[in-house]
Amino acid sequence: PCVEISESTLYPILRRLETDGLLTVYSVEHMGRLRKYYRITDAGRNRIEEFRQDWQEILAIGRFILGEGETE
């Protein structure tokens, strides 16, 4: 599944990630125009792993609430 994100939503998110040190940004000239490229930092990779762990906990809580995985 895809999530459509407008430019007006995407670029503020990218700027915030850069400010937080989760991305680095560099520019390259292409056909007379500057293009920005974004690269994830080690801190960004660590944050993704933290998010994955948090997400697994949220899923486990949801399964518990729904009674999934219980044996009778």
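Modeller: A salt bridge is a side-chain nitrogen of Lys or Arg within 4 Å of a carboxyl oxygen of Asp or Glu. The structure holds 3 salt bridges. This is a predicted model, in which local features need pLDDT of at least 70 and side-chain atom pairs count only at pLDDT 80 or more, while totals for chains, interfaces and linings use all residues. Residues are numbered from 1 along each chain as its sequence is written, and side-chain values use heavy atoms, with hydrogens and water left out.

Biologist: What makes Asp 42 and Arg 45 a salt bridge?

Modeller: Their closest N and O atoms are 3.6 Å apart, and the limit is 4 Å, so the pair counts. Both residues belong to helix α2, which covers residues 42–66. Helices (H or I, at least four residues) and strands (E, at least two) are DSSP runs, numbered from the N terminus. Asp 42 and Arg 45 are 3 residues apart, about one turn of the helix.

Biologist: Why is Asp 42 called exposed?

Modeller: Buried means under 20% relative accessible area, exposed over 50%, and partly exposed in between (1.4 Å probe, protein chains only). Asp 42 has 59% relative accessibility, so it counts as exposed. Arg 45, at 47%, counts as partly exposed.

Biologist: How do you know that Glu 49 and Arg 52 form a salt bridge?

Modeller: The closest N and O atoms of Glu 49 and Arg 52 are 3.9 Å apart, which is within the limit, so the pair qualifies. Glu 49 and Arg 52 are 3 residues apart in helix α2, about one helical turn. Glu 49 is partly exposed at 36%, whereas Arg 52 is exposed at 52%.

Biologist: What is the N to O distance in the salt bridge of Arg 47 and Glu 50?

Modeller: That distance is 3.5 Å. Arg 47 and Glu 50 are also 3 residues apart in helix α2. An α-helix has 3.6 residues a turn, so residues three or four places apart point the same way. Arg 47 is partly exposed at 36%, and Glu 50 is partly exposed at 42%.

Biologist: How does the span of α2 compare with what is expected?

Modeller: α2 has 25 residues and reaches 36 Å from its first C-alpha to its last. The expected span of a helix is 1.5 Å times one less than its number of residues. For α2 this gives 36 Å, and the reach is close to that. After α2 comes Gly 67, whose phi is positive, near 75 degrees.

Biologist: How many aromatic pairs are there?

Modeller: Rings of Phe, Tyr and Trp (its six-membered ring) pair if their centres lie within 6.5 Å; planes under 30 degrees apart count as stacked, over 60 as edge-to-face and the rest as tilted. By this rule the count comes to 2 aromatic pairs.

Biologist: Why is the pair of Tyr 26 and Tyr 37 called stacked?

Modeller: The ring centres of Tyr 26 and Tyr 37 are 5.5 Å apart and the planes are at 20 degrees, so the pair is stacked. Tyr 26 lies in strand β1 (residues 23–30) and Tyr 37 in strand β2, so the pair ties together parts that are 11 residues apart in sequence. Tyr 26 is partly exposed at 34%, and Tyr 37 is partly exposed at 34%.

Biologist: What makes Phe 51 and Trp 55 a stacked pair?

Modeller: The ring centres of Phe 51 and Trp 55 are 6.4 Å apart and the planes are at 10 degrees, so this pair is stacked. Phe 51 and Trp 55 both lie in helix α2, 4 residues apart. Phe 51 is partly exposed at 47%, as is Trp 55 at 41%.

Biologist: What is the phi of Met 31?

Modeller: Met 31 has a positive phi of about 55 degrees although it is not a glycine. Most residues other than glycine have a negative phi. Met 31 is in the loop between β1 and β2 and, at 77% relative accessible area, is exposed.

Biologist: Which residues does Leu 34 touch?

Modeller: Leu 34 touches Ser 27, Val 28 and Glu 29, not counting residues up to four places away in sequence. Contact here means heavy atoms within 4.5 Å. Leu 34 is in strand β2 (residues 33–40) and is exposed at 64%.
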